[in-house]
Structure formats: C-alpha cells, structure tokens
Amino acid sequence: MFKSLAPPEYIADIDREKCIRCKRCIQNCGWSVYSWGGDKVLINTSKCVKCLRCYHYCPEEAITIVDNPTRFKSNAYWSFNNIRNLKRQAETGGMPLTGMGSDQKYPILFDSLLIDACQVTNPSIDPLREPMELRTYLGKKPSALSIEKGKDGKARLNGKMPPQIALKLPLVFGPMSYGSISLNAQKVLARTAKECGILMNTGEGGLHEDLLPYRSNIVVQVASGRFGVNPDYLNAGVAVEIKIGQGAKPGIGGHLPGEKIPLDVARTRMIPVGTDAISPAPQHDIYSIEDLRQLIYAIKEATNYKPVSVKIAAVHNVAAIASGVVRAGADIVYIDGFRGGTGAAPSIIRDHLGIPIEHALAAVDDRLRQEGIRNEASIIAAGGIRSSADAAKAIALGADAVAIATAALITMGCTTCGKCYTGNCSWGITTQRPELTARLDPEVYAERLINLVHAWEHELKEILGALGINAIESLRGNRERLRGVGLDAQTLDILGVKPAGR
Amino acid sequence: MFEINATGAYYRDLNSQVREAVEKGEKEITLKGVNGQYYIGDGLRGNAQITIEGVPGNDLAAFMDGPTIRVKSNAQDNLCNTMNGGKVIIEGNAGDVLGYGMRGGKLHVRGDVGYRVGIHMKGLKKQAPTIVVGGTAGDFFGEYMAGGVLILLGLDEKETRPIVGDYLGTGMHGGAIYVRGEVDKNLCGAEVGVLETDEDDAKVLKEALADYCKDFGLKLEDIMKKPFKKLVPVSSRPYGNLYAY
C-alpha cells in the first residue's frame, strides 16, 4: 500500500528531554497515535486529530500538537480541506464524513448583530439586586384568555390551558442520541437539566434505563428509525419530539456507524450489534403535513396529550414548512440551523445545504405572526448557539428558547476536532468504547456543565438589565433592540432589524 | 362482552371509551359501526380482546402493547405503527406502511397489503415482531428491516398481481423475510440474498403459521405444501463502504 497523498493535518511531537516514559499519552489517546517502542514512545502522527487529550494528561508538558506546516501550496480558491478531501476521495471512493457543525466561511449573522442598552433617559436595571425573570413556558398558548370570578371572589381561568413545560431559563440541550454520544455524556446532560430546571433530549436512540430518574427533565425523540420507541418511552419524558430534519444534514438521514453500536446500544435500539443504524431522511409514513398531523396525534393519543415538538432543519422554504408544522398540531417547533452539529454527516452535505438559523428564525417568526398562529407553538432555535449573546439575539429575533449541544459537549472536554463519527473520542463523549467512556465521570462533568448554565443565566440577566427590562418575555421577538452592523438592506429586511446608527 | 357503538363517534371520544373499558377490566370489547376512526387502540395496554365491526381508520394499534384486535373487514394505512406487543388480525385487505418500526407482537392479514409493509421492523432475541400476509404485497416489502419475521403467503393466486412488488428488502440489515413460492431476484434490493429454507426455518414458519391458520380457519399442511424462499441481509453493514473516514 502506498502512503496516502492526503498529508496529516497535525503533527504530534514529544520533547524527549522532558518525557519520563510514563505512557499516559498511550493510554489516553483514543486514536492510537502513540505506542510503546521498548525504550520510547513512538508517534504515528497521521492519526492525530488535535483533541489535546494527551497534552492535558502529560504530567511533564512534553507534548505539543501543531498544525502540519507542510501544506499544499496556499491558494485562496483551492483550500487545504478541499484538496485534502479530493485526495481522500481518490483513495477511497467514499464520501468524506465529518462531525460537528459546519466550519466554513459563510457569514455569521449573530456576529453582525448588536444588542441595545440603556443610557440616561431610560434606566437600566441592576440584576444583582433586582429580580430578573428568565422563566420560560414551552407549549401552545391560547389566543385569548377568559377569566371568571369564582365564588370565593378570586379570579379563575375559564377552560383548560394547553400543557406547558416550565424552564428556569430559555435554554435546552439539543438532541444527542445514546449511540452518537456515550451514556455518561447523556447522564451529564440529564443531571444538569434536572439541577438547572431545563431539558435534555434523548435524540433518536431510545432511552437507557439509567436516565429514568431524570424523566421530568427529558424530552424523548421519535425519528424515522423508531429506535427504542414504545408506550413507556413515549410517556417517559415531559414531551415527545418528532425528528424530521437536522441542520447539519437537512434532507438526509441519520447514519450511526456500526463502530458505535456495541451490545448495550444495540439493545436500546433493538437492532443487531455492529450494524449501521439507519434512519433514512423520509419517515415513510410522513409525506405531507396531513401525515405529520397523523403522527403527532398518534403520539398525543398514546401519551394522554403531552406536548409534541417537531424538529426541522432550516431550509429555504422553512417559513412555510414551520407554518404547516404548527397547523399540524405541534406544540413546539424546533428549528435547527445550518451551523447545527452532527455526530456524522458527509461534509459535502454539512457544508452546502440549508440556511443559517438567524435567517430562518426571523422568517418563521414573521410568517407565524402574519398568519396569526405565533401563539400556537413555541419556537426553539438551534444550530450554532455559541454564547449567551447568541441566545439573547436569537430570542430577540423571535425564539422562545434556544438549544445548545456543541457548547455543552465543550464543557465535557470536546475541542470540536470533528471526528465524532470514528467512535474514538478520547474524551469519552462520542464513543462507545468502555475504556474511553469510563473517563467521563457524570458527576464531575455535570458540575462543569451546571457552571456553564449558571454563567449564561447571569449573563442573560446582565443583558436584560442593560436593556432595562426585567423579564426575558420582554425581549422575545423584540427586534427593535437589535441593530445590524455591516449588513445589506435586504438582509436587514429579512431580519426585521435596523442598521446601527438608525 | 362489552359493546361500544362507534357510529359517528369522534376518534378521541371513541378511544377514551375503549381505554375506560379496558381500565375497568373488560376482557371482550366489540366496537360496532366503526367508520374510519383513527388511532383505535393507540398506546393501549392490557390483554383485552377487541373486535372491530366496520373499517377502522389509520394508525390502528399504533404503539399498542398487549391487546388483541380483530377487524372483521378491511383496514387502512399505518396499522401497528411502532407496535410493541399484542396482536392485530385483519380478515380483509389492509393498506400501506403496516408495522412501521414494529417491535413485537403479531399482525395477521388474510388478504392483500399495500406498499412499504414491515419497514424498519426491529427485533431483539425473543422480543421480535411477526407479520403474516395471506395475499400479496406491494413495493418495498421489508425495507430497512432490522429484525423480526415477515411472511408472505400469496394464498389466493391471481394472475393480475405478482406476489410481491419491487425493491423487496431494500436496505435490510437484520431479521428474515419468507416468501411462499419463487422470488424474482430482480425485484430484490441489493442488500438481500435469497436462500433455500432449512429445518430451523421450517420450525419458525410452522410456529408462526400454526397461529395464523388458527385465526382464519386454514390448514397448515395446505400452506406448507409449497416451498418457501428465505431472504436475509447479505451484509450487516450494507452501506459500510460509502464513506471516507
């Protein structure tokens, strides 16, 4: 076999003076970059993905990982990755896979939006000393309230309120299945969700029994593969989500490689060990909005009318699709933008299909308002929310809440190396190899994720305080408090946002 | 026997009546005058015997786990959607997408079925679903199948319709499909191989078909006279080499 013409992306190097031959790098690397050569550690740098596990666990700081300085001739048009993928395709005939959200140079509208603040004429609020409300209710809201006075003289709501899910702050964790991530990673999400009063989402891989104690903070997902779906499962969480699409790979299905299907995952999904878990893009019982309605209500019938969320990818016609989804009876519309993450997607799909969440969100919120049905469903915006500022901007554009997934994994050690599909994650997140998953102590890492959620909570309150408002509800869909910098007139029009200076 | 008059009933009311009857411990329930109501038996548990007179609507026995439903006439689409346990018996024909993602229990259809029957069926050791179709089936029979058993009998030989449509077992990666008579390899997905049945298969078939015959008053010997072909996945990873790692 001849040497691959796709040069390694990274160079792993050990300072031999500092190395004490403790072999921790060998133990820690999930990709087998290091091996023992009898008297020293050998390095196979072509396997390195720069996840930095070895670097962090080297007691002598002897390891350095650098981008391979030997690159193809630099060229503004033919990028390194472009050429590298061509070489890989020439060698394998396959579609290069990738993980995480798209890292390509498309405009990031979040970075061209700025939030307003109060000065002199309208007072800001000090969130450290004044109450600040982040509580968010997900679910259908009635278009009108009828209130009557009871015999005791107290006001009472006439009729029944549709079911609502209370969140302590407008944040949920995006769906990541058992199989795509480890059970320990799911436990980190579940513990955090419970502690912080938010939600985690099982993804489409079924519900492992270890997560049952967290059921009041879990959304269970039903996708085309119907993995692990039974009446107990549907009733296990606070809501059920139908997955239609994913921002990282709109229009194509899920495909969990056989490497990530050991016995326990196979058991939860009820498929053979080591096969590829296939969940094709179309759910073959949903070819229309009417069919979607049929599944939504089949689930509602089976769960005594729990809220049903429908997750769609942001695509060109997303506003009309979302309108159909709401009319089909969804309580929540989860929109996943172009930058949304994935455990495995062909890079050609991830980097070239769909639209960003900023455009999609503004378009959907506009459309639902125009049609007078915005109250019929809550909107969760997802797909590349990197910070509480992104979250605040998304809420101002019209989201009820935002979902994060990659940001949550980063607290568990993820460095966005993008090799989730290999099942070799050295941090024990996107792997099922027991020696790797054992590293991710749910208790220890939940503490870090809880810290993140608390930090965002404080930041959101500070932003609200600066805006001079004391409830997240006042920011929701409040595009007047956003300004665009360096955006063209049409983009501003789509976003419904004025340019800075106006 | 407990009787519910379904004439003109809204599906939600009808289903809550059925649920209430089951919860009260009724063991034999008959629904009369059913006319297209959706979701009958949706998510229903227990071991009640439910008889349906009239044609039930889509998603009959979706997510059901335990009861037995006998339909005295034809049925529509999406029966036994992700059904977990129990049994559904259809005395007439049934429509498309039956047993989608089915995880357990049985579906016995005496007549013909439509497209995409038994797709995404799952199975784990003893917890495995069985679908037996007495007549013919449309395209995509057993597509993406991951477990369980699909049996197609073609009992009422008709010249107008072949026993099975195109794309048989496409994307299959688990479970087994049995077809009574010959299988045209050109109709099969690339992911399946056609095999002769052996003694173990005969055991599986006899067990499943004895129960089927009991439901419809048929004779097992008559059915077993004609040999079966077995379809199984040729690879556990049909799309394993589609990607560059």
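Modeller: Setting aside neighbours within four places in sequence, A:Val402 is in contact with A:Pro170, A:Leu171, A:Ile380, A:Ala381, A:Ala382, A:Ile385, A:Ala391, A:Ala394 and A:Ile395; two residues count as in contact if their C-beta atoms, placed from the backbone, lie within 7 Å. Please keep in mind that this is a predicted model, in which local features need pLDDT of at least 70 and side-chain atom pairs count only at pLDDT 80 or more, while totals for chains, interfaces and linings use all residues. Residues are numbered from 1 along each chain as its sequence is written, and chains are lettered from A and ligands numbered from 1 in the order in which they are written.

A:Val402 belongs to the largest nonpolar core, a set of 222 residues, and is listed with A:Val318, A:Ala322, A:Val333, A:Ile335 and A:Ile380 as having the most contacts inside it. Such a core is made of buried Ala, Val, Leu, Ile, Met, Phe, Trp, Tyr and Cys residues joined through C-beta atoms within 7 Å. A residue is buried if 20 or more other C-beta atoms lie within 10 Å of its own, exposed if 12 or fewer, and partly exposed in between, with C-beta atoms placed from the backbone. Helix H14 (residues 442-467) of chain A gives the core its largest share, nine residues. Helices (H or I, at least four residues) and strands (E, at least two) are DSSP runs, numbered from the N terminus.

Along the principal axes, the C-alpha atoms of chain A fill a box of roughly 85 × 55 × 45 Å. Of the 502 residues, 52% count as buried. Among contacts in chain A with a separation of 6 or more, 69% come from residues 24 or more positions apart. Chain A is divided into domain 1 (10-94) and domain 2 (168-414 + 446-499), bounds that come from an automatic or database domain assignment. The C-alpha centres of these two domains of chain A lie 34 Å apart.

Where does chain A meet chain B? The contact takes 31 residues from chain A and 40 residues from chain B. On the chain A side, helix H3 (80-92), S5, helix H5 (231-236) and helix H7 (289-302) each supply at least two residues, and H7(A) gives the largest share, five residues. By class, that side has 14 nonpolar, 11 polar and six charged residues; Ala, Val, Leu, Ile, Met, Phe, Trp, Tyr, Cys and Pro count as nonpolar, Asp, Glu, Lys and Arg as charged, and the others, Gly among them, as polar.

Strands count as paired if DSSP finds at least two bridges between them. In this pair, A:Pro96 stands opposite B:Ala244.

Within chain B, strand S5 (residues 85-90) pairs in the parallel sense with S6(B) over four bridges, with B:Ile90 opposite B:Val109. S6(B) is also joined by four bridges to strand S7 (residues 130-133) of chain B, again parallel, and there B:His108 stands opposite B:Val132. From S6 (residues 106-109), B:Lys106 and B:His108 point one way and B:Leu107 and B:Val109 the other, and all are buried.

Finally, a pair of loop residues. B:His120 lies in the loop between S6 and S7 of chain B and has a positive phi of about 60° although it is not a glycine. With 31 C-beta neighbours inside 10 Å, B:His120 counts as buried. A:Ser32, in the loop between helix H1 (24-28) and strand S2 (34-36) of chain A, has a positive phi near 60°, but this residue is exposed, with 10 other C-beta atoms within 10 Å.
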